[in-house]
Amino acid sequence: MIKAIALDDEPLALAVIETYSKTLADIHLAKTFTSQNDALSYLEANDIDLIFLDIEMPKSNGIEFCTGLNKNIKVVFTTAYGQYAVDGFNLNATDYLLKPYSLERFNLSIEKVRKEIELENKAKVQKTHLAIRADYKIHNIPLSDILFIEALDDYIKIHLCNQTKIVARHTMKGILKKLPSQEFQRIHRSYIVALQAIRTLGKDCIELKEHTLPLSPNFKENLLRNFNV
Amino acid sequence: MAEVNYLKAKVNPHFLFNTLNNIYSLTLVKSEVAPDAVLRLSNLMRYVVTECENKKVLLSKELEHIENFVALQKLRLSEKNTLSFTVNGTFKNQLIAPIILINYIENAFKYGVNPETMSEIDIKVQINGNDLTLIVKNHIVVNRGTSANSSTKEGMQNSLKRLDILYPNKYKLKVDDTGTMYTCTLQIDLS
């Protein structure tokens, strides 16, 4: 079952999504919102697989809204006019629906969502190692060995628990995608940390067993979600 | 291409496709409002593609156009946003340059509608012989920083240019922007 919500400032646009969702057995449209604030508080309290998101909205547009979302949520943009298409795909939106759209076109979007979720589930089950190319070898690093990853211009330095460091040519964004998001998180422009390695969380720093890393306010809220105090 | 731009200046594609989507939604749930909305959109488009060729049109037709626009915009509103539209005075075959008023009304809907915030849009048209007064008053409930602000500025500049050409020294435009409330008063001597 795919649990979905929809956000659009126009109630009639939401009615279309409601009507279509009812025709599909594996889509559960949990709630629809005209208010971005209401949608945000719902998202904080509930696990959602998919959001239908209008682009032109009064408070902030759907693309800005989307950048604050948990990366695991699939996004299908809906819009009446095409100027934002490219931006939508840059944010890794699953699909992009031009209003008005048919039930058939809507079904295509859902099919894409299904496929993406399926692929991710497979990857999640198998993912125990990180394969990365460095100094003419492919390193197959057990995820549980990684303490944190540091950015060095065009390179990254992977710090392992046995004091070894592996330097590879990679971007932070790219490496983050290769890691399971429930185990690794960005805490700073230049740092990704393994959640299980964290010993204490301070106001603006994180302590591991033998390292202290800076914590940037931008990433703090997201990080705190993993710790139910 | 020039013609496409010309048309775009008069019918905002966002408005057109959102309205089509709203009408589509109404038909999907077999709403009784749908037929009226189709007729209003047809009349609105017909006005734009035919009447706008003319230098001057009947004031009554221009106001009918605005009425259609307002009725279609009404489909978008949630219970938080209220709207009033009144026309006072008598029509005596006065003429007006087409599509000269709609810009001010479009902006009221662009910045005055937000399902998260209570707001009011008040549009008044007063006709006194050849004197026309349009007063558009709306709360500002849309973040003006993120919205397509430059397109608004461009629209307003074009509209001022047209007023200068078509009604030199015969119009007065007053804008009062408090940050939360926007009031725009446009007076035109149509003679």
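Colleague: Let's start with A:Asp9: does it count as buried or exposed?

Modeller: Some ground rules before that. This is a predicted model, where local features need pLDDT of at least 70 and side-chain atom pairs count only at pLDDT 80 or more, while totals for chains, interfaces and linings use all residues. Residues are numbered from 1 along each chain as its sequence is written, and chains are lettered from A and ligands numbered from 1 in the order in which they are written. Now, a residue is buried if 20 or more other C-beta atoms lie within 10 Å of its own, exposed if 12 or fewer, and partly exposed in between, with C-beta atoms placed from the backbone. A:Asp9 has 24 such neighbours inside 10 Å, so it counts as buried.

Colleague: Where is A:Asp9 placed, and which residues does A:Asp9 touch?

Modeller: Elements are DSSP runs numbered from the N terminus: helices (H or I, at least four residues) and strands (E, at least two). A:Asp9 is in the loop between β1 (2-7) and α1 of chain A. Contact means C-beta atoms, placed from the backbone, within 7 Å. Leaving out residues up to four places away in sequence, A:Asp9 touches A:Thr34, A:Asp54, A:Met57 and A:Pro58, plus B:Asn114 and B:Pro115 from chain B. A:Gln36 is 27 residues from A:Asp9 in sequence, with a C-alpha to C-alpha distance of 8.4 Å.

Colleague: How many residues does each chain bring to the contact?

Modeller: Chain A brings 22 residues and chain B 23. On chain A's side, α1 (11-22) and α2 (36-45) are the elements giving two or more residues, and α1(A) gives the most, with six. For classes, Ala, Val, Leu, Ile, Met, Phe, Trp, Tyr, Cys and Pro are nonpolar, Asp, Glu, Lys and Arg are charged, and the others, Gly among them, are polar. Chain A's side splits into nine nonpolar, seven polar and six charged residues.

Colleague: What about nonpolar cores?

Modeller: A nonpolar core is a set of buried Ala, Val, Leu, Ile, Met, Phe, Trp, Tyr and Cys residues joined through C-beta atoms within 7 Å. The largest has 70 residues, and those touching the most other members include A:Ile51, A:Leu53 and B:Tyr104. α1(A) gives the most to this core, with seven residues. A second, separate core has 17 residues, among them A:Ile146 and A:Phe148.

Colleague: How do the axes of α2(B) and α3(B) cross?

Modeller: Axes are lines fitted to C-alpha atoms, for helices over the stretch in contact, and angles run from 0 to 180 degrees between N-to-C directions. These two come within 9 Å and cross at roughly 155 degrees, and are therefore roughly antiparallel (under 35 degrees is roughly parallel, over 145 roughly antiparallel, 65 to 115 roughly perpendicular, the rest oblique). The contact of α2(B) with α3(B) has six nonpolar, two polar and no charged residues.

Note on methods
Two residues are in contact if their C-beta atoms, placed from the backbone, lie within 7 Å.
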